[in-house]
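Here are some exercises to work through with the model open beside you. Try each task before you read its solution.

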Amino acid sequence: MILTSDFEEYYDKEILNYGGIKDVEFVRMSNMNFSKKQQLELLEKIGYSTINIMPLRQMFTDGKILVYTNPDLHNGMGKSIMSLSDALVMYRNSLCTELFDHSTTYKILQVGFDCFSLEIENEGLKEARLKSCILLGNGLPGLVNNKYPMYSIDFVRDNNGKLLACDLDVAVKLSHIEGLSECIKAEYVAEKLYRYLISRQEV
């Protein structure tokens, strides 16, 4: 397999050493990702309830809010928790959303044709440790897996406990999640990506 990427992952060595009938290329570039607005529009289109993002000037609250200082970043980066008054001074032209419990990230991870449900304990806004990992089976209909061999969708729970989609990542970074590489082995990732890419060549 051929790997084209601008970052490293725990399964990269297995990809580069994976032999098969044909050479296939796995492209994983950060600039492949959608803007935050595009992410949420796509997730809504395929049927998910999503968080509501808005310009800071449209937000009215006395409590803390989540400010997207760089809405194109993932994994807890490009976000900050602060008061609305501070945000209007520091990031006047930024987007924001209501602040929900951020102690846990609920993630759907697509690897080739296989789909996993992950529950991840966070430290601050950043994903830290794997709490649970469940194989859901083959793919989810209507998602972007026809084009992307690996992607993830993140969810948070609102104040009523409802899951809301908040992030779609098609250049997924996983190595920072403690325990994930034991649940989803590097060899498994390489095999599933290879099988997916070969199937796309045959279409």
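**Exercise 1. Find which strand gives the most to the lining of the second largest cavity.**

Step 1. Go to strand S2 (residues 25–28): S2 gives the most to this lining, with three residues. Strands here are DSSP runs (E, at least two residues), helices are runs of H or I with at least four residues, and both are numbered from the N terminus.

Step 2. Before going on, note that this is a predicted model, in which local features need pLDDT of at least 70 and side-chain atom pairs count only at pLDDT 80 or more, while totals for chains, interfaces and linings use all residues. Residues are numbered from 1 along each chain as its sequence is written, and side-chain values use heavy atoms, with hydrogens and water left out.

Step 3. Now collect the lining: Phe26, Val27, Arg28, Met32, Tyr148, Pro149, Met150, Val170, Ala171 and Val172. On a 1 Å grid over the protein atoms alone, a cavity is a set of points where a 1.4 Å probe fits but cannot get out; a pocket is an open set with protein on both sides within 12 Å along at least five of seven lines; lining residues have an atom within 4 Å of a point.

Step 4. Sort the lining by class: nine residues are nonpolar, none is polar and one is charged. In this scheme Ala, Val, Leu, Ile, Met, Phe, Trp, Tyr, Cys and Pro count as nonpolar, Asp, Glu, Lys and Arg as charged, and the others, Gly among them, as polar.

Step 5. The volume of the second largest cavity is about 40 Å³. A volume is the space filled by probe spheres set on the points, with grid points joined across faces, edges and corners.

**Exercise 2. Work out which side chains of S2 point to which face.**

Step 1. Buried means under 20% relative accessible area, exposed over 50%, and partly exposed in between (1.4 Å probe, protein chains only).

Step 2. Look at the neighbour of S2: strand S1 (residues 2–5) runs parallel to S2, joined by four bridges. Two strands pair if DSSP finds at least two bridges between them. Ser5 has Arg28 as its bridge partner.

Step 3. Arg28 also touches Glu9, a residue in the loop between S1 and helix H1 (12–17). Glu9 is buried, with a relative accessible area of 10%. Leaving aside neighbours within four places in sequence, Glu9 is also in contact with Val172, Lys173, Leu174 and Ser175; contact means heavy atoms within 4.5 Å.

**Exercise 3. Describe the largest cavity: how much space lies in it, and which residues are closest to its centre?**

Step 1. The largest cavity holds about 360 Å³ of space. Among its 25 lining residues, Leu66, Lys79, Thr105, Val156 and Cys166 are the closest to the centre.

Step 2. At least two lining residues come from each of S4 (64–68), S6 (95–98), S7 (104–111), S10 (150–157) and S11 (163–169). The lining has ten nonpolar, eight polar and seven charged residues.

Step 3. Seven of its eight residues are buried, so S7 is largely enclosed by the rest of the structure. S7 pairs with strand S8 (residues 114–123) in the antiparallel sense over eight bridges, and Thr105 has Ile120 as its bridge partner there. S7 also pairs antiparallel with S10, over six bridges; Lys107 stands opposite Asp154.

**Exercise 4. Decide where the buried residues of helix H2 (residues 36–45) lie.**

Step 1. The buried residues in H2 are Lys36, Gln39, Leu40 and Leu43. Seen down the helix axis, they fall within an arc of 90°, so they line one face of H2. The arc is that of the directions from the helix axis to the C-beta atoms.

Step 2. These buried residues pack against S4, S10 and S11. The face turned away from the buried side carries the exposed residues Lys37 and Lys45.

Step 3. Just after H2, Gly47 takes a positive phi of about 110°.
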